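Reader: I would like to work through a model slowly, feature by feature, and learn how each kind of feature is to be read. Could we begin once the sequence and structure are in view?

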Number of protein chains: 2
Amino acid sequence: MIVDTLIEKIEQMKNPTAVGLDTAFDYLPDDMRAGVGDLRGAADAIVAFNKAIVDKVADIVPCVKVQIAYYEMYGVDGLRAFAETVRYAKEKGLIVITDAKRNDIGATAECYAKTFLGETTVGEAKFNAFDSDFLTVNAYLGSDGIKPFLGWMQKRDKGIFVLVKTSNPSGAELQDQKLENGKTVYEYMGSLVEKWGEDSVGKYGYSAVGAVVGATHPVQAEILRREMPHTFFLIPGYGAQGGTADDLKVCFDASGRGGIVNSSRGILCAYRKEAYARLRFDDAARQACIDMKEDLSRAIFG
Amino acid sequence: MIVDTLIEKIEQMKNPTAVGLDTAFDYLPDDMRAGVGDLRGAADAIVAFNKAIVDKVADIVPCVKVQIAYYEMYGVDGLRAFAETVRYAKEKGLIVITDAKRNDIGATAECYAKTFLGETTVGEAKFNAFDSDFLTVNAYLGSDGIKPFLGWMQKRDKGIFVLVKTSNPSGAELQDQKLENGKTVYEYMGSLVEKWGEDSVGKYGYSAVGAVVGATHPVQAEILRREMPHTFFLIPGYGAQGGTADDLKVCFDASGRGGIVNSSRGILCAYRKEAYARLRFDDAARQACIDMKEDLSRAIFG
């Protein structure tokens with residue numbers, strides 16, 4: 001089961017890090033941007049940048065999270081770059097989370113599920129449009145918008161992460177609202193996620209239906225870890241957004257399992273920081289991953 | 001302001017209909033599917049089908065809603081078909097709603113806003129990736145995920161529709177939950193939408209920040225129409241999903257303004273219904289639009 005594979009890769013590498021390939025063209029070094037003036041050129045440069053990063057981190061991180069928004073903005077060329085990035089990362093043995101936060105009614109959610117986790121049928125032929133290991137989803141539309149993903153998860157050993165408590169400040173506007181029963185919206189969403197995951201719990205006690213829980217909200221994360229014992233967390237918000245290793249350690253259980261921490265700009269743009277300025281962008285990214293691993297290990301594994 | 005333009009087109013055509021171009025390859029007539037066996041072929045056939053529909057309805061409907069999920073599942077080729085469909089519909093004078101339900105934290109929402117409503121910058125050049133008039137968005141992440149869209153709306157005369165009360169049965173799981181103050185989640189979301197729209201109210205009293213309110217929930221829609229007097233509704237759920245013209249008339253104000261009703265399969269696949277079986281698919285779609293217009297007019301305008 002994919003969640004078991006992810007847990008095993010994390011333990012083998014002693015590194016619960018997902019490198020976020022949220023690659024805006026502006027993040028690239030000057031020499032990679034020079035002379036590029038159209039969407040196709042930007043997309044090609046982004047692929048080259050991503051491949052260099054993947055080559056330098058594939059032996060020390062288990063996973064990448066590819067944020068599709070950063071590719072969509074370069075149009076059809078950008079989505080080709082997205083597909084190439086996902087394919088390359090998988091070839092190099094990385095687990096790929098597509099961060100797309102897709103959501104819709106059942107018939108349309110089925111299309112999204114086919115796109116990222118399943119198969120598209122044309123006549124007698126079947127295709128994998130943007131084949132990923134995990135997909136992030138938004139469950140504002142409830143169970144019948146989630147079920148199509150669960151179906152393809154079972155068929156093709158895939159997983160999802162459902163938004164529960166997001167890392168951004170205004171996530172609280174809806175998510176921290178209290179319901180009549182005294183529970184918050186994020187706790188209620190957490191209870192739905194636990195239920196959706198019941199049939200896909202792996203050998204380590206965690207389900208392939210995960211949750212997004214921000215590193216920036218340690219009090220809420222601690223509540224959710226307790227209330228969602230079978231749910232693996234995808235934890236954004238470390239670094240650039242302000243979450244620290246000490247903030248997010250509450251997302252992990254007593255054996256140090258239970259989550260994976262994403263960092264995007266902190267790794268992709270490490271070469272712009274004074275600490276890494278003497279390194280090439282890809283070497284800087286690798287060193288930033290090593291430093292992040294040490295920071296997380298200290299906090300989580302003690 | 002785009003919401004005024006939409007209202008004026010609706011009144012001029014006396015037709016509050018958005019044709020939903022949720023075009024799965026399987027919806028195409030046999031002869032358009034014959035011999036097609038790959039994603040590129042499927043995408044090309046979908047474009048040909050959509051263009052034929054657009055040609056037949058552009059003089060009687062103000063608007064199309066293009067559901068991006070149905071294109072994403074054909075991969076990069078599918079997104080090229082999406083871009084061509086949007087461009088062609090705009091060329092033919094139709095207002096285009098992209099139904100993508102995008103959502104993320106501020107920096108990433110900015111990417112989505114650039115993609116569908118704004119501009120992507122590469123060096124000194126600017127591009128419109130998938131330029132639409134309106135975009136549907138999901139506000140589970142609160143204000144800072146919405147603000148980037150509001151910024152581009154102002155700059156480029158665009159609009160959004162925020163999910164409030166969706167048409168699917170399980171939308172109720174979260175959306176109908178009662179908060180401590182006695183209001184439901186969908187009413188609370190509605191109050192946020194009214195606030196987000198404050199600075200973009202047009203000459204008819206409706207804002208360019210609209211709401212998605214399903215035709216399948218007349219009781220809730222009536223509450224929302226009262227509590228959201230400045231919010232224009234995008235109303236899915238008519239026809240195939242079970243919503244009737246009499247169900248959705250509560251979404252409209254006393255002057256017959258306030259919403260636009262989407263129908264997708266009911267129009268695209270009209271040629272498969274007995275009533276239209278003697279017509280070609282595009283003529284069947286036109287006739288289904290005429291019949292839908294009469295049905296809506298009777299209920300809304302009396």
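Reader: Which element gives the largest share of the lining of the largest pocket?

Author: Keep in mind throughout that this is a predicted model. The way to read a pocket is to ask which elements supply its lining, and here the largest share, 6 residues, comes from α5(B). The pocket itself holds about 240 Å³ of space, and of the 15 residues that line it, the closest to its centre are B:Ala83, B:Arg87, B:Asn128, B:Ala129 and B:Phe130. Two elements give two or more residues to this lining, namely α5 (75–91) of chain A and α5 (75–91) of chain B.

Reader: How do the residues of that lining divide into nonpolar, polar and charged?

Author: The lining of the largest pocket is made up of 7 nonpolar, 2 polar and 6 charged residues.

Reader: Which residues are the closest to the centre of the second largest pocket, and which element gives the most to its lining?

Author: The second largest pocket has about 190 Å³ of space. Of its 14 lining residues, A:Arg80, A:Ala83, B:Gly75, B:Val76 and B:Asp77 are the closest to the centre, and the elements that contribute two or more residues are again α5 of chain A and α5 of chain B. In this case α5(A) gives the most, with 5 residues, while the lining as a whole divides into 7 nonpolar, 2 polar and 5 charged residues.

Reader: What rotation and what shift superpose chain B on chain A?

Author: The general idea is that two copies of a chain are related by a rotation about an axis and a shift along it. In this model, chain B is superposed on chain A by a rotation of 180° with 0.0 Å of shift along the axis, at an RMSD of 0.0 Å. That is the relation of a two-fold axis.

Reader: Why can one say that the copies meet through the same surface?

Author: One compares the interface residues of the two chains: 100% of those in chain B are also interface residues in chain A, so the copies meet through the same surface.

Reader: Is B:Glu72 buried or exposed, and which residues is it in contact with?

Author: A residue is called buried when its relative accessible area is under 20%. B:Glu72, which sits in helix α4 (residues 69–72) of chain B, has a relative accessible area of 0% and is therefore buried. Leaving aside neighbours within four places in sequence, B:Glu72 is in contact with residues of chain A, among them A:Glu72, A:Tyr112 and A:Phe130, and also with B:Leu79 and B:Arg102. Two polar contacts of its side chain can be picked out: one of 2.6 Å to the side chain of A:Arg102, and one of 3.2 Å to the side chain of B:Arg102.

Reader: Where does A:Gln175 lie, and which residues does it touch?

Author: A:Gln175 lies in helix α8 (residues 172–175) of chain A, and at 0% relative accessibility this residue counts as buried. Beyond residues up to four places away in sequence, A:Gln175 touches A:Val164, A:Lys165, A:Thr166, A:Thr184, A:Val185 and A:Tyr186, together with B:Tyr140 and B:Leu141.

Reader: What should I look for around A:Thr17, which lies in strand β1?

Author: Read the accessibility together with the contacts. A:Thr17 belongs to strand β1 (residues 17–20) of chain A and is buried, with a relative accessible area of 0%. The side chain of A:Thr17 is joined to that of A:Asn15 by a polar contact of 2.7 Å, and its contacts outside four places in sequence include A:Val61, A:Cys63, A:Ile260 and A:Leu296.

Reader: Which residue other than glycine has a phi near 45°, and which one has a phi of about 50°?

Author: A:Lys101 has a phi near 45°, a positive value, and is not a glycine; A:Lys101 is placed in strand β3 (residues 95–102) of chain A and is buried, at a relative accessible area of 7%. B:Asp157, also not a glycine, has a positive phi of about 50°. B:Asp157 lies in the loop between α7 (147–156) and β7 (159–165) of chain B, and at 36% relative accessibility B:Asp157 counts as partly exposed.

How values were computed: Residues numbered from 1 in each chain as written. Chains lettered and ligands numbered in written order. Predicted model: local features only at pLDDT ≥ 70, side-chain atom pairs only at ≥ 80, totals over all residues. Heavy atoms only, no water. 1 Å grid on protein atoms, 1.4 Å probe; cavity = no way out; pocket = protein on both sides within 12 Å on 5 of 7 lines; lining within 4 Å. Points joined across faces, edges and corners; volume = space filled by probe spheres on them. Helix = DSSP H or I, 4+ residues; strand = E, 2+ residues; numbered from the N terminus. Nonpolar A, V, L, I, M, F, W, Y, C, P; charged D, E, K, R; others polar. Buried < 20%, exposed > 50% of the residue type's maximum accessible area, 1.4 Å probe, protein only. Polar contact = N/O pair within 3.5 Å; in protein donor to acceptor, adjacent residues only side chain to side chain. Contact = heavy atoms within 4.5 Å. Least-squares fit on C-alpha atoms with pLDDT ≥ 70 in both.
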